[in-house]
Amino acid sequence: MNALFEFLLRQGDNVLVLGHRTSEWCGTAPALEEDIALANTALDLIGQTKLWLEYAAEVEGEGRSANDLAFLRDAYDFRNVLMLETPNEDYGRTLMRQFLFDAFQVHWLTALTDSKDSRISEIAMKSVKEAQYHLERSRDTIIALGDGTELSNKKMQAALDYLWPYAREIMLVDDVDEAMHKDGIAPLPSEILAPWDALVKSTMRDAYLTIPDSNFVHKGGRTGQRHTEHLGHMLATMQVLQRSYPGATW
Amino acid sequence: MYAQLVKSTGKNVQSLEEMSPQERAFQERIDRGEKIEPKEWMPDAYRKNLIRQIGQHAHSEVVGQLPEGNWITRAPTLERKANLLAKVQDEAGHGLYLYCAAETLGVSRDELYEMLHSGKMKYSSIFNYPTLTWADMGAVGWLVDGAAIMNQVPLQRTSFGPYARAMVRICKEESFHQRQGFQIMMVMANGTKEQKRMAQDALNRFWGPALMMFGPSDKDSVHSAQSMAWKIKMNTNDELRQKFVDETVPQAEYLGLKVPDDNLKFNEETEHYEFTQPDWDEFYDVLKGNGPCNHERLETRKKAWDEGAWVRDAMMAHAEKKAARKQAAE
């Protein structure tokens, strides 16, 4: 196993899958400003995907491109965390998912700017600015919707309850992480848990939401061992042209 | 662009002599090329016409996201996906400037939405056509944005200040979209046999609807004269349609695609193409709500609006609570 390749796929697939999910909102957000913000977020994430997967393809050295990786791998070769492939459901869940990810991503990318791998530190430097903006927005929205009305509070609580068991998969540690840590490429994701936890707690307090009393974590996405049923459907849509017309240029 | 059949007062255009002194002064300012600003006096009919036109344009930007959203999730490469996302983001932004321009005339965005949802206001007929293959993303950019630009470039000189200024920004982005669309077509037209077929099929389906975007022929366009006198419409429908055909046909030839019009020919004398009029019966059917996607488009927008109500309500409630808490703390 090429640990660096695995590591890069995890980074790239997280933003690809979340970017895709976010793009599903096109033209149907609760307000025009939200349409703009969602398209902007999706655009950032797809841009970041390109950087990660291009590097992954180079590291793999099998002649595959970033597009080959995005559009011609099947579900079991995807390395995104499960939370990001869960369906949008409603605006509340979409923004809650975004926040739980952003709260990790800002700390994570900040740490990656110190990576010994200069390419990774460059990607992190570019991406972290976008992630900070995403976090600012998703955090404000969570607080507004948690605080807003009785109905919105109920919906946000339901979103948090649903996503909570998925939220911390991203901070689990395995051999790939150990190898990255050893080589000074990345910190252990578990090192992000404390700042993540603090940010999530303070945000949920401000949003009048209760963090579920459970430490259970769904896993299997970042290792590719067991994705949700949702990913296959997403890929069926996303990959349809590349799969249907092999070798065509678009 | 995107404003077709905007109903005017229905009256004939008055001569300067027939106008009241106030109306005459207003018309003379327009004739001198001055911009009218929101707080200045304007005839009621001018205001109403502009609200309809700008509103229709804004709605078209918003509804126009949907046929493209139909392919964002299936875009074939990361670059194409990013381009399309950037494009719909621009379109939502255009909608926002235009609603703001309309607001300066005394109508809120919510009121305009209400009129869209109830069918009192229209959006461009073009968005009632389906996008069936990836080549449609090329055709929409090339033909639909291309037609939009024809109309919008002159509107940068329109008499109402906020509308003219919104157009300046919108035009820059639209011409970028048009080039992007053409580039998709070029790749498809030079691609595999299947891709060429998709490209030709997209042109076949979008050619007529694109010609319809300019509105009915001048002789049937009862509302144009007053709008032109007020400079909220700068060219006649037929002038713009001709310009579009003259510019687009050579582009199709360059792509190696056939414009679906057997009567198309270049007239050496007039230096213009002669072409077949689109199917105007179809146009009126689409306007009446019988286009292939009228139902879906409007339902999608209404559903989005209704399902988003709790979010908008919560945002408002939060803003009020926040302000109250701040006041209590002071």
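**Exercise 1. Determine how many salt bridges the rule finds across the interface of chain B and chain A, and describe that interface.**

Solution. Step 1: the rule finds four salt bridges across the interface of chain B and chain A, a salt bridge being a side-chain nitrogen of Lys or Arg within 4 Å of a carboxyl oxygen of Asp or Glu. The structure is a predicted model, in which local features need pLDDT of at least 70 and side-chain atom pairs count only at pLDDT 80 or more, while totals for chains, interfaces and linings use all residues. Side-chain values use heavy atoms, without hydrogens and water; residues are numbered from 1 along each chain as its sequence is written, and chains are lettered from A and ligands numbered from 1 in the order in which they are written.

Step 1: A:Asp147 forms a salt bridge with B:Lys321, with the closest N and O atoms 3.7 Å apart.

Step 2: contact (heavy atoms within 4.5 Å) joins 49 residues of chain B to 49 residues of chain A.

Step 3: the two chains bury about 4,100 Å² between them, 71% of it on carbon and sulfur atoms. Buried area is the accessible area (1.4 Å probe) that two parts lose on being put together, summed over both. B:Leu78, B:Gln89 and B:Trp310 supply 20% of the area that chain B buries against chain A, more than any other three residues.

**Exercise 2. State which residues of the largest pocket's lining are the closest to its centre, and classify the lining.**

Solution. Step 1: the largest pocket has a volume of about 490 Å³. On a 1 Å grid over the protein atoms alone, a pocket is an open set of points with protein on both sides within 12 Å along at least five of seven lines, whereas a cavity is a set of points where a 1.4 Å probe fits but cannot get out; lining residues have an atom within 4 Å of a point. Grid points are joined across faces, edges and corners, and a volume is the space filled by probe spheres set on the points.

Step 1: of the 23 lining residues, A:Trp25, A:Thr28, A:Glu89, B:Lys303 and B:Glu307 are the closest to the centre.

Step 2: helix H3 (65–72) and helix H12 (294–307) of chain B each supply at least two lining residues. Helices are DSSP runs (H or I, at least four residues), numbered from the N terminus.

Step 3: the lining divides into eight nonpolar, nine polar and six charged residues. Ala, Val, Leu, Ile, Met, Phe, Trp, Tyr, Cys and Pro count as nonpolar, Asp, Glu, Lys and Arg as charged, and the others, Gly among them, as polar.

**Exercise 3. Identify the helix that gives the most to the lining of the second largest cavity.**

Step 1: H1(A) gives the most, with four residues.

**Exercise 4. Explain how A:Glu54 and A:Lys50 are placed in helix H2 of chain A.**

Solution. Step 1: their side chains meet in a salt bridge (3.4 Å, N to O).

Step 1: because A:Glu54 and A:Lys50 are four residues apart in helix H2 (residues 32–60), about one helical turn separates them.
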